[in-house]
Amino acid sequence: MSNQILVVIEHLKGNIEDISFEMLGKGKEISGNTGGELVALLMGSGVESMTSQLGIADKVIYVDDANLAEFNPQAYCKTVSEVVSTNQPKMIMIGNTSMGMDIAGGVSIDQNISFIAYVSGISSDGNTITSSLYGGKMNVDSASSGDACIVSVISGSFKADDGRADGSPAVENASAPDLGNLSLQFKQLIEPEGGDVDITTQEILVSVGRGIQSDENLPLAEELASKLGGAVSCSRPIVDSKWLSKTRQVGKSGLKVKPKLYLTLGISGAPEHIEGMKDADLIIAVNTDPNAPIFDYAHYGVVQDIFDFIPALSDKL
Ligand SMILES: Cc1cc2nc3c(=O)[nH]c(=O)nc-3n(C[C@H](O)[C@H](O)[C@H](O)COP(=O)(O)OP(=O)(O)OC[C@H]3O[C@@H](n4cnc5c(N)ncnc54)[C@H](O)[C@@H]3O)c2cc1C
(Lines give C-alpha, C1' and ligand atoms only; values in the text may rest on other atoms or scores of the structure.)
Protein backbone atom coordinates (compact mmCIF):
# COMPACT_ATOMS: atom_id res chain seq x y z
CA MET A 1 0.00 0.00 0.00
CA SER A 2 1.32 3.46 -0.92
CA ASN A 3 0.86 6.69 1.05
CA GLN A 4 -1.37 8.03 -1.73
CA ILE A 5 -4.78 9.66 -1.49
CA LEU A 6 -6.60 9.10 -4.75
CA VAL A 7 -9.50 11.44 -5.58
CA VAL A 8 -11.86 10.32 -8.35
CA ILE A 9 -12.79 13.44 -10.33
CA GLU A 10 -16.44 13.77 -11.36
CA HIS A 11 -17.38 15.94 -14.33
CA LEU A 12 -20.42 16.45 -16.50
CA LYS A 13 -20.82 18.40 -19.74
CA GLY A 14 -17.35 19.92 -19.46
CA ASN A 15 -17.64 21.05 -15.84
CA ILE A 16 -15.83 19.54 -12.89
CA GLU A 17 -18.37 19.04 -10.11
CA ASP A 18 -17.86 20.87 -6.78
CA ILE A 19 -17.65 17.56 -4.91
CA SER A 20 -14.33 16.89 -6.66
CA PHE A 21 -12.86 20.14 -5.32
CA GLU A 22 -14.27 19.40 -1.85
CA MET A 23 -12.45 16.05 -1.81
CA LEU A 24 -9.24 17.53 -3.23
CA GLY A 25 -9.20 20.17 -0.46
CA LYS A 26 -9.71 17.57 2.26
CA GLY A 27 -7.25 15.18 0.57
CA LYS A 28 -4.62 17.94 0.55
CA GLU A 29 -5.10 18.52 4.26
CA ILE A 30 -4.66 14.82 5.04
CA SER A 31 -1.72 14.31 2.70
CA GLY A 32 -0.07 17.47 4.12
CA ASN A 33 -0.39 16.10 7.67
CA THR A 34 0.74 12.58 6.84
CA GLY A 35 3.44 13.24 4.27
CA GLY A 36 1.40 11.52 1.57
CA GLU A 37 0.78 12.25 -2.09
CA LEU A 38 -2.49 13.71 -3.40
CA VAL A 39 -3.42 12.16 -6.74
CA ALA A 40 -6.44 13.14 -8.88
CA LEU A 41 -7.87 10.54 -11.25
CA LEU A 42 -9.44 12.11 -14.34
CA MET A 43 -11.26 9.85 -16.82
CA GLY A 44 -12.94 10.82 -20.07
CA SER A 45 -12.28 11.38 -23.74
CA GLY A 46 -10.57 14.56 -24.94
CA VAL A 47 -10.80 16.28 -21.54
CA GLU A 48 -7.10 16.61 -20.75
CA SER A 49 -7.45 20.43 -20.55
CA MET A 50 -9.37 19.92 -17.29
CA THR A 51 -6.11 18.94 -15.61
CA SER A 52 -5.24 22.65 -15.42
CA GLN A 53 -8.05 23.06 -12.85
CA LEU A 54 -6.54 20.36 -10.67
CA GLY A 55 -3.44 22.29 -9.66
CA ILE A 56 -3.80 21.36 -6.00
CA ALA A 57 -2.97 17.71 -6.76
CA ASP A 58 0.63 16.49 -6.66
CA LYS A 59 -0.17 14.44 -9.74
CA VAL A 60 -3.09 13.79 -12.10
CA ILE A 61 -3.58 10.33 -13.56
CA TYR A 62 -5.40 10.89 -16.85
CA VAL A 63 -7.16 8.01 -18.61
CA ASP A 64 -8.46 8.85 -22.09
CA ASP A 65 -10.70 6.37 -23.88
CA ALA A 66 -13.72 6.69 -26.18
CA ASN A 67 -15.66 4.37 -23.85
CA LEU A 68 -15.20 6.91 -21.04
CA ALA A 69 -16.64 9.84 -23.04
CA GLU A 70 -19.98 9.57 -21.23
CA PHE A 71 -20.50 8.16 -17.77
CA ASN A 72 -20.86 4.40 -17.90
CA PRO A 73 -20.76 2.75 -14.46
CA GLN A 74 -19.17 -0.43 -15.78
CA ALA A 75 -16.43 1.32 -17.76
CA TYR A 76 -15.65 3.78 -14.96
CA CYS A 77 -15.67 1.04 -12.33
CA LYS A 78 -13.22 -1.09 -14.33
CA THR A 79 -10.94 1.89 -14.92
CA VAL A 80 -10.88 3.03 -11.27
CA SER A 81 -10.26 -0.56 -10.24
CA GLU A 82 -7.29 -0.83 -12.58
CA VAL A 83 -5.76 2.44 -11.31
CA VAL A 84 -6.30 1.35 -7.69
CA SER A 85 -4.71 -2.02 -8.37
CA THR A 86 -1.64 -0.37 -9.94
CA ASN A 87 -1.18 2.46 -7.43
CA GLN A 88 -2.40 0.83 -4.18
CA PRO A 89 -3.59 4.13 -2.57
CA LYS A 90 -4.29 4.13 1.15
CA MET A 91 -7.49 6.14 0.70
CA ILE A 92 -9.75 6.42 -2.34
CA MET A 93 -12.16 9.37 -2.21
CA ILE A 94 -15.28 9.17 -4.39
CA GLY A 95 -18.35 11.45 -4.36
CA ASN A 96 -21.40 10.06 -2.57
CA THR A 97 -23.25 11.03 -5.73
CA SER A 98 -25.31 9.13 -8.28
CA MET A 99 -22.15 8.53 -10.31
CA GLY A 100 -19.86 7.91 -7.34
CA MET A 101 -22.14 5.38 -5.69
CA ASP A 102 -22.14 3.38 -8.91
CA ILE A 103 -18.34 3.26 -8.85
CA ALA A 104 -17.48 2.85 -5.17
CA GLY A 105 -19.32 -0.41 -4.46
CA GLY A 106 -17.93 -2.12 -7.54
CA VAL A 107 -14.33 -1.11 -6.81
CA SER A 108 -14.72 -2.20 -3.18
CA ILE A 109 -15.76 -5.70 -4.25
CA ASP A 110 -13.30 -5.93 -7.11
CA GLN A 111 -10.29 -4.85 -5.05
CA ASN A 112 -11.48 -6.25 -1.70
CA ILE A 113 -11.15 -2.85 -0.01
CA SER A 114 -13.42 -1.60 2.82
CA PHE A 115 -15.97 0.99 1.75
CA ILE A 116 -17.33 3.67 4.10
CA ALA A 117 -20.35 5.46 2.61
CA TYR A 118 -22.23 8.68 3.45
CA VAL A 119 -19.04 10.33 4.72
CA SER A 120 -19.53 13.84 6.11
CA GLY A 121 -16.26 14.27 8.00
CA ILE A 122 -12.66 13.01 8.01
CA SER A 123 -10.09 13.88 10.68
CA SER A 124 -7.04 15.77 9.45
CA ASP A 125 -4.86 12.65 9.82
CA GLY A 126 -7.42 10.59 7.87
CA ASN A 127 -7.80 8.08 10.72
CA THR A 128 -11.36 8.88 11.86
CA ILE A 129 -14.12 8.90 9.29
CA THR A 130 -17.61 10.16 10.13
CA SER A 131 -20.67 8.92 8.27
CA SER A 132 -23.98 10.75 8.39
CA LEU A 133 -26.83 8.23 8.53
CA TYR A 134 -30.63 8.23 8.65
CA GLY A 135 -30.97 11.48 6.72
CA GLY A 136 -28.42 13.22 8.96
CA LYS A 137 -30.05 12.22 12.26
CA MET A 138 -27.16 9.97 13.37
CA ASN A 139 -23.39 10.24 12.97
CA VAL A 140 -21.12 7.18 13.13
CA ASP A 141 -17.32 7.38 13.50
CA SER A 142 -15.20 4.65 11.92
CA ALA A 143 -11.59 4.25 13.04
CA SER A 144 -9.03 3.32 10.42
CA SER A 145 -7.58 -0.17 10.74
CA GLY A 146 -4.52 0.96 8.83
CA ASP A 147 -5.68 -0.88 5.70
CA ALA A 148 -6.72 0.90 2.52
CA CYS A 149 -10.30 2.19 2.40
CA ILE A 150 -12.76 3.77 -0.01
CA VAL A 151 -14.76 6.72 1.30
CA SER A 152 -17.75 8.19 -0.51
CA VAL A 153 -18.16 11.82 0.53
CA ILE A 154 -21.52 13.59 0.78
CA SER A 155 -21.55 16.79 -1.23
CA GLY A 156 -21.33 19.89 0.98
CA SER A 157 -19.22 18.21 3.69
CA PHE A 158 -16.05 20.20 2.92
CA LYS A 159 -15.29 23.57 1.34
CA ALA A 160 -14.95 23.35 -2.45
CA ASP A 161 -12.81 26.50 -2.46
CA ASP A 162 -10.11 24.65 -0.45
CA GLY A 163 -9.57 22.35 -3.42
CA ARG A 164 -9.66 24.86 -6.26
CA ALA A 165 -6.27 25.77 -7.69
CA ASP A 166 -5.33 26.37 -11.28
CA GLY A 167 -1.88 25.21 -12.29
CA SER A 168 0.07 22.62 -14.17
CA PRO A 169 0.16 19.47 -12.08
CA ALA A 170 2.30 16.54 -13.26
CA VAL A 171 0.10 14.48 -15.59
CA GLU A 172 0.59 10.74 -15.93
CA ASN A 173 -1.24 9.27 -18.93
CA ALA A 174 -2.55 5.81 -18.10
CA SER A 175 -4.23 3.35 -20.46
CA ALA A 176 -7.76 2.20 -19.84
CA PRO A 177 -8.28 -1.50 -19.24
CA ASP A 178 -10.04 -3.47 -21.98
CA LEU A 179 -13.45 -1.76 -22.21
CA GLY A 180 -14.70 -3.76 -25.19
CA ASN A 181 -17.85 -5.87 -24.82
CA LEU A 182 -19.38 -3.87 -22.00
CA SER A 183 -22.80 -5.16 -21.04
CA LEU A 184 -23.94 -1.61 -20.19
CA GLN A 185 -24.11 1.00 -22.96
CA PHE A 186 -24.66 4.75 -22.63
CA LYS A 187 -27.78 5.75 -24.58
CA GLN A 188 -28.83 9.27 -23.74
CA LEU A 189 -28.47 12.00 -21.13
CA ILE A 190 -32.00 12.98 -20.12
CA GLU A 191 -32.17 16.57 -18.91
CA PRO A 192 -35.10 18.25 -17.13
CA GLU A 193 -37.79 19.47 -19.51
CA GLY A 194 -37.81 23.20 -20.23
CA GLY A 195 -40.64 25.68 -20.45
CA ASP A 196 -41.10 26.21 -16.73
CA VAL A 197 -39.57 28.74 -14.31
CA ASP A 198 -35.80 28.27 -14.18
CA ILE A 199 -35.27 27.91 -10.43
CA THR A 200 -31.48 28.02 -10.88
CA THR A 201 -31.64 31.71 -11.80
CA GLN A 202 -34.12 32.85 -9.11
CA GLU A 203 -32.82 35.06 -6.30
CA ILE A 204 -35.61 34.04 -3.94
CA LEU A 205 -37.00 30.53 -3.59
CA VAL A 206 -39.81 29.35 -1.33
CA SER A 207 -39.26 25.61 -1.19
CA VAL A 208 -41.98 23.23 -0.07
CA GLY A 209 -41.59 19.72 1.27
CA ARG A 210 -43.82 16.92 2.44
CA GLY A 211 -44.96 19.16 5.29
CA ILE A 212 -47.21 20.98 2.80
CA GLN A 213 -49.41 17.86 3.00
CA SER A 214 -51.48 18.31 -0.17
CA ASP A 215 -51.33 20.00 -3.57
CA GLU A 216 -54.38 21.96 -2.45
CA ASN A 217 -52.06 23.86 -0.07
CA LEU A 218 -49.57 24.82 -2.77
CA PRO A 219 -51.29 28.16 -3.54
CA LEU A 220 -50.31 29.29 -0.02
CA ALA A 221 -46.63 28.88 -0.92
CA GLU A 222 -47.15 30.38 -4.37
CA GLU A 223 -48.77 33.47 -2.88
CA LEU A 224 -45.92 33.84 -0.39
CA ALA A 225 -43.31 33.42 -3.13
CA SER A 226 -45.05 35.99 -5.29
CA LYS A 227 -45.17 38.51 -2.40
CA LEU A 228 -41.44 37.95 -1.83
CA GLY A 229 -40.73 38.33 -5.55
CA GLY A 230 -39.53 34.75 -5.97
CA ALA A 231 -40.66 31.34 -7.16
CA VAL A 232 -41.67 28.02 -5.63
CA SER A 233 -39.28 25.08 -5.61
CA CYS A 234 -39.62 21.79 -3.77
CA SER A 235 -38.19 18.56 -2.39
CA ARG A 236 -38.46 15.30 -4.29
CA PRO A 237 -41.61 13.83 -2.67
CA ILE A 238 -43.56 16.78 -4.10
CA VAL A 239 -42.41 15.87 -7.61
CA ASP A 240 -42.96 12.16 -6.98
CA SER A 241 -46.55 13.01 -6.00
CA LYS A 242 -46.84 14.99 -9.27
CA TRP A 243 -47.82 18.17 -7.41
CA LEU A 244 -45.03 20.13 -9.11
CA SER A 245 -42.91 19.40 -12.18
CA LYS A 246 -39.39 17.99 -12.06
CA THR A 247 -38.05 21.42 -13.09
CA ARG A 248 -38.90 22.65 -9.56
CA GLN A 249 -37.00 19.90 -7.72
CA VAL A 250 -33.93 20.90 -5.73
CA GLY A 251 -31.30 18.31 -4.84
CA LYS A 252 -29.14 15.44 -5.90
CA SER A 253 -31.52 14.18 -8.56
CA GLY A 254 -32.95 17.64 -9.18
CA LEU A 255 -31.31 21.01 -9.69
CA LYS A 256 -28.60 22.87 -7.78
CA VAL A 257 -29.68 26.35 -6.72
CA LYS A 258 -27.83 29.28 -5.17
CA PRO A 259 -30.44 31.97 -4.47
CA LYS A 260 -30.01 34.94 -2.13
CA LEU A 261 -32.85 33.56 0.01
CA TYR A 262 -33.92 29.92 0.32
CA LEU A 263 -36.97 29.56 2.58
CA THR A 264 -37.91 25.96 3.34
CA LEU A 265 -41.43 25.03 4.44
CA GLY A 266 -41.79 21.52 5.87
CA ILE A 267 -38.54 20.10 4.47
CA SER A 268 -36.58 17.75 6.76
CA GLY A 269 -33.11 18.39 5.27
CA ALA A 270 -32.12 14.98 3.88
CA PRO A 271 -28.55 14.93 2.45
CA GLU A 272 -29.96 14.55 -1.08
CA HIS A 273 -31.89 17.79 -0.69
CA ILE A 274 -29.07 19.66 1.07
CA GLU A 275 -26.77 18.83 -1.85
CA GLY A 276 -28.83 21.08 -4.08
CA MET A 277 -29.25 24.17 -1.85
CA LYS A 278 -26.39 24.30 0.65
CA ASP A 279 -24.73 27.20 -1.19
CA ALA A 280 -27.71 29.58 -0.85
CA ASP A 281 -26.65 32.91 0.68
CA LEU A 282 -29.38 32.84 3.33
CA ILE A 283 -31.30 29.74 4.41
CA ILE A 284 -34.40 30.05 6.59
CA ALA A 285 -36.11 26.83 7.65
CA VAL A 286 -39.59 26.35 9.06
CA ASN A 287 -40.34 22.95 10.58
CA THR A 288 -42.33 21.66 13.56
CA ASP A 289 -39.54 19.22 14.48
CA PRO A 290 -36.76 21.04 16.40
CA ASN A 291 -34.40 18.13 15.61
CA ALA A 292 -34.93 18.26 11.85
CA PRO A 293 -31.49 18.14 10.13
CA ILE A 294 -32.41 21.20 8.03
CA PHE A 295 -31.71 23.32 11.13
CA ASP A 296 -28.03 22.28 10.95
CA TYR A 297 -27.79 24.14 7.65
CA ALA A 298 -30.23 27.02 8.16
CA HIS A 299 -28.97 30.47 9.16
CA TYR A 300 -32.34 31.08 10.82
CA GLY A 301 -34.76 28.43 12.04
CA VAL A 302 -38.43 28.69 12.94
CA VAL A 303 -39.96 25.81 14.91
CA GLN A 304 -43.56 26.31 13.91
CA ASP A 305 -46.40 24.83 11.90
CA ILE A 306 -46.10 26.15 8.36
CA PHE A 307 -49.87 26.66 8.27
CA ASP A 308 -49.43 29.25 11.05
CA PHE A 309 -46.18 30.67 9.63
CA ILE A 310 -47.25 31.21 6.00
CA PRO A 311 -50.36 33.36 6.64
CA ALA A 312 -48.55 35.31 9.39
CA LEU A 313 -45.66 36.23 7.06
CA SER A 314 -47.97 36.81 4.09
CA ASP A 315 -50.01 39.25 6.18
CA LYS A 316 -46.86 41.14 7.21
CA LEU A 317 -45.74 41.40 3.59
C1 LIG B 1 -30.80 8.61 -5.00
C2 LIG B 1 -31.70 9.60 -4.30
C3 LIG B 1 -31.84 10.86 -4.84
C4 LIG B 1 -32.64 11.79 -4.20
N5 LIG B 1 -32.74 13.03 -4.72
C6 LIG B 1 -33.43 13.98 -4.05
C7 LIG B 1 -33.49 15.32 -4.53
O8 LIG B 1 -32.95 15.66 -5.58
N9 LIG B 1 -34.19 16.22 -3.79
C10 LIG B 1 -34.83 15.89 -2.63
O11 LIG B 1 -35.44 16.77 -2.01
N12 LIG B 1 -34.80 14.64 -2.18
C13 LIG B 1 -34.15 13.67 -2.86
N14 LIG B 1 -34.15 12.39 -2.41
C15 LIG B 1 -35.08 12.05 -1.30
C16 LIG B 1 -34.53 12.40 0.07
O17 LIG B 1 -33.80 11.31 0.59
C18 LIG B 1 -35.69 12.69 1.07
O19 LIG B 1 -36.55 11.58 1.09
C20 LIG B 1 -36.49 13.93 0.70
O21 LIG B 1 -35.63 15.03 0.50
C22 LIG B 1 -37.44 14.25 1.85
O23 LIG B 1 -38.28 15.29 1.45
P24 LIG B 1 -39.02 16.19 2.55
O25 LIG B 1 -38.00 16.85 3.41
O26 LIG B 1 -39.98 17.05 1.81
O27 LIG B 1 -39.87 15.11 3.35
P28 LIG B 1 -39.69 14.52 4.80
O29 LIG B 1 -38.33 13.98 5.01
O30 LIG B 1 -40.84 13.60 5.01
O31 LIG B 1 -39.82 15.79 5.76
C32 LIG B 1 -41.00 16.50 5.95
C33 LIG B 1 -40.72 17.49 7.06
O34 LIG B 1 -41.85 18.33 7.22
C35 LIG B 1 -42.01 18.59 8.58
N36 LIG B 1 -43.42 18.95 8.76
C37 LIG B 1 -44.52 18.15 8.61
N38 LIG B 1 -45.64 18.86 8.76
C39 LIG B 1 -45.26 20.14 9.04
C40 LIG B 1 -45.96 21.34 9.29
N41 LIG B 1 -47.31 21.39 9.29
N42 LIG B 1 -45.26 22.47 9.54
C43 LIG B 1 -43.90 22.46 9.53
N44 LIG B 1 -43.17 21.34 9.29
C45 LIG B 1 -43.84 20.20 9.04
C46 LIG B 1 -41.62 17.32 9.28
O47 LIG B 1 -41.21 17.58 10.63
C48 LIG B 1 -40.45 16.83 8.41
O49 LIG B 1 -39.19 17.29 8.92
C50 LIG B 1 -33.35 11.45 -3.02
C51 LIG B 1 -33.20 10.16 -2.51
C52 LIG B 1 -32.39 9.25 -3.13
C53 LIG B 1 -32.25 7.89 -2.52
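**A tour of the cavity, the pocket and the ligand**

Start at α6, which gives three residues to the lining of the largest cavity, the largest share from any element. Keep in mind that this is a predicted model.

**Stop 1: the cavity**

Select Asn96, Tyr118, Ile154, Lys252, Pro271, Glu272 and Glu275. These residues line the largest cavity. The space inside is about 50 Å³. Now colour the lining by residue class. Three residues are nonpolar, one is polar and three are charged. Leave Glu272 selected; this cavity-lining residue returns at the ligand, with a polar side-chain atom 2.8 Å from a ligand oxygen.

**Stop 2**

Move to the second largest pocket, which holds about 580 Å³ of space. Its lining counts 31 residues. Select Arg210, Ser235, Pro237, Ile267 and Ser268, the lining residues closest to the pocket centre. Next, show the elements around them. α5, α6, β15 (282-287) and α7 each give two or more residues to this lining. The largest share is that of α5, with three residues. Colour by class again: nine lining residues are nonpolar, 14 are polar and eight are charged.

**Stop 3: the ligand**

Where does the ligand sit? It sits in the second largest pocket. The shell has 26 residues in total. Select Ser235, Gln249, Ser253, Ser268 and Asn287, the closest of them. By class, the shell splits into six nonpolar, 14 polar and six charged residues.

**Stop 4**

Zoom in on the oxygen atoms of the ligand.

- Ser268: an N or O atom of the side chain is 2.6 Å from a ligand oxygen.
- Gln249: a side-chain N or O atom lies 2.7 Å from an oxygen of the ligand.
- Glu272: the distance from a polar side-chain atom to a ligand oxygen is 2.8 Å.

Finish with the surface view. Taken alone, the ligand exposes 990 Å², and the protein buries 75% of that.

**Last selection**

Glu272 lines the largest cavity and places a polar side-chain atom 2.8 Å from a ligand oxygen.

Terms used: Residues numbered from 1 in each chain as written. Predicted model: local features only at pLDDT ≥ 70, side-chain atom pairs only at ≥ 80, totals over all residues. Heavy atoms only, no water. Near = heavy atom within 4 Å. Polar contact = N/O pair within 3.5 Å; in protein donor to acceptor, adjacent residues only side chain to side chain. Areas by Shrake-Rupley, 256 points an atom, 1.4 Å probe, with all protein chains shown as cover. 1 Å grid on protein atoms, 1.4 Å probe; cavity = no way out; pocket = protein on both sides within 12 Å on 5 of 7 lines; lining within 4 Å. Sits in = over half its atoms within 2 Å of the grid points. Nonpolar A, V, L, I, M, F, W, Y, C, P; charged D, E, K, R; others polar. Points joined across faces, edges and corners; volume = space filled by probe spheres on them. Helix = DSSP H or I, 4+ residues; strand = E, 2+ residues; numbered from the N terminus.
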